[in-house]
Amino acid sequence: MSYKAAISSMSLGRAWVHDLIPKLDAAAAAHLTGIELFYEDLEYLARSQASLPSSAPIPPEAQIKAAHTIRHMCDERDLTIICLQPFMHYEGLIDRAEHKKRIEKLKIWFKVVQILGTDIIQIPASFLGKDEITADLDVVVQDLIEVADLGAQEKPPVKFAYENLCWSTYFDTWEQGWDIVERVGRWNFGVCLDTYNIAGRVYADPVAPDGLVPGGAAMLKASLEKMVRTIDVEKVFFIQLVDAEKLRDPLQPGHAFYVDGQPARMNWSRAARLFYGEERGYLPVQDVLKAIIDGLGYKGWISMELFSRTMNEPGEQVPKEHARRAALAWEKAEKDIKSWIRKRNIR
């Protein structure tokens with residue numbers, strides 16, 4: 001494999017608004033051959049098949065049935081499921097009884113991913129409150145060693161892609177995420193590198209009037225140079241390529257995207273991401289992608305993972321339009337990648 005384009009199922013429309021079949025049809029029609037399966041799509045299908053109310057827990061057998069259905073849907077459309085995500089709010093839980101519940105949930109996910117034909121579960125760094133999760137690295141690392149060791153025992157083995165979110169409570173930079181990967185020290189525990197979450201933390205600040213972190217350009221440059229020197233590309237299990245809008249007004253109380261009690265970068269992420277190369281984007285995501293592709297030498301799946309207010313809009317045009325935009329983004333990215341490779345070969 002060199003480079004292949006993927007998209008998150010959620011990026012084609014939220015599950016409570018858009019059924020999965022039109023979203024998969026749109027991805028296939030746009031030649032986006034990989035799917036990051038967002039758990040909400042499996043959850044909504046399982047509830048529908050089992051005629052369960054939204055408040056009812058989903059029994060394992062219903063999740064298993066939905067997984068078989070989704071695998072069949074994807075096989076019919078020549079789509080590859082590249083991961084199941086997100087395994088949310090797992091590491092560092094202060095309530096250890098809740099930790100045990102997460103482990104039991106993971107055991108069901110192991111069955112699901114085998115049916116789906118993927119070997120990757122993505123874990124985003126937790127953004128629960130400090131009253132719910134600890135900053136104690138020993139606890140966090142041991143929790144993640146636990147899942148890695150359980151995954152390694154599966155047949156076939158399951159890998160975990162840990163992702164820093166730029167609003168995570170304790171681990172909001174790629175450096176912190178990579179430090180955790182090294183501390184875990186398991187072959188099947190690596191990273192997912194997301195251009196938005198990298199640049200959105202170091203370079204941009206949606207609360208600032210100009211949308212920028214003071215000195216952010218220089219800090220991002222230094223950070224990317226460090227990334228190239230530091231990360232073992234074999235531990236980069238897949239990457240996510242996305243930009244974000246520069247907001248007209250600071251994301252403060254009174255802003256349309258402001259949600260009380262949530263980090264500003266989370267609100268910004270949920271409402272205003274953009275695909276690679278779109279006009280309103282302002283993050284230097286091309287620099288981040290170049291560092292990953294040309295600097296690290298990454299080859300593999302590149303997923304167009306968009307969050308946006310437009311995903312909640314009704315209408316059959318939404319999945320089609322998002323797939324169209326993602327395909328255009330992939331064309332731009334592929335052109336950039338080929339240019340970097342040509343220049344590297346000339347050198």
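Is Glu278 buried or exposed? Glu278 counts as buried, because its relative accessibility is 18%, and buried here means under 20% relative accessible area, exposed over 50% and partly exposed in between, with a 1.4 Å probe and protein chains only.

This is a predicted model, in which local features need pLDDT of at least 70 and side-chain atom pairs count only at pLDDT 80 or more, while totals for chains, interfaces and linings use all residues. Residues are numbered from 1 along each chain as its sequence is written, and side-chain values use heavy atoms, with hydrogens and water left out.

**Salt bridges**

- Side chains of opposite charge can pair when their charged atoms come close.
- The structure holds 22 salt bridges, a salt bridge being a side-chain nitrogen of Lys or Arg within 4 Å of a carboxyl oxygen of Asp or Glu.
- Helices (H or I, at least four residues) and strands (E, at least two) are DSSP runs, numbered from the N terminus.
- Arg325 also counts as buried, at 12% relative accessibility.
- Lys23 and Asp41 form a salt bridge through their side chains, at 2.6 Å from N to O. This pair links distant parts of the chain, with Lys23 in helix 1 (residues 20-29) and Asp41 in helix 2, 18 residues apart.
- Lys23 is buried, with a relative accessible area of 0%, and Asp41 is buried, with 3%.
- Asp149 and Arg186 form a salt bridge whose closest N and O atoms are 2.7 Å apart. Here too distant parts of the chain are linked: Asp149 is in helix 5 (residues 137-153), and Arg186 is in the loop between helix 6 (174-184) and strand 6 (189-194), 37 residues apart.
- Arg186 is partly exposed, with a relative accessible area of 28%, and Asp149 is partly exposed, with 29%.

**Helix 2 against helix 3**

- The axes of helix 2 (residues 39-50) and helix 3 (residues 60-76) come within 8 Å and cross at roughly 110 degrees. That makes helix 2 roughly perpendicular to helix 3.
- Axes are lines fitted to C-alpha atoms, for helices over the stretch in contact, and angles run from 0 to 180 degrees between N-to-C directions. Angles under 35 degrees count as roughly parallel, over 145 as roughly antiparallel, 65 to 115 as roughly perpendicular and the rest as oblique.
- The crossing of helix 2 past helix 3 is right-handed. A crossing is right-handed if the near helix is turned clockwise from the far one by less than a right angle, and left-handed if anticlockwise.
- Residues of helix 2 that meet helix 3 include Tyr39, Leu42 and Gln49, and those on the helix 3 side include Lys65, Ala66 and Thr69.
- Gln49, in helix 2, is partly exposed, with a relative accessible area of 28%.
- Leaving aside neighbours within four places in sequence, Gln49 is in contact (heavy atoms within 4.5 Å) with Lys65, Ala66 and Thr69.
- Gln49 and Lys65 are 16 residues apart in sequence and 8.3 Å apart in space, C-alpha to C-alpha.

- Glu36 is in strand 2 (residues 34-38).
- Glu36 is buried yet has no salt bridge, and the nearest side chain of opposite charge, Arg273, is 8.4 Å away. Lys and Arg count as positive and Asp and Glu as negative, while His and the chain ends are not counted.
- Beyond four places in sequence, the contacts of Glu36 include Ser8, Gln85, Phe238 and Glu305.
- Ser8 lies in strand 1 (residues 3-8) and is buried, with a relative accessible area of 0%.
- Beyond four places in sequence, Ser8 is in contact with Glu36, Phe38, Gln85, Ser303, Met304 and Glu305.
- Phe238 is in strand 7 (residues 236-240) and counts as buried, at 1% relative accessibility.
- Not counting residues up to four places away in sequence, Phe238 touches residues including Glu36, Ile120, Val191 and Trp301.
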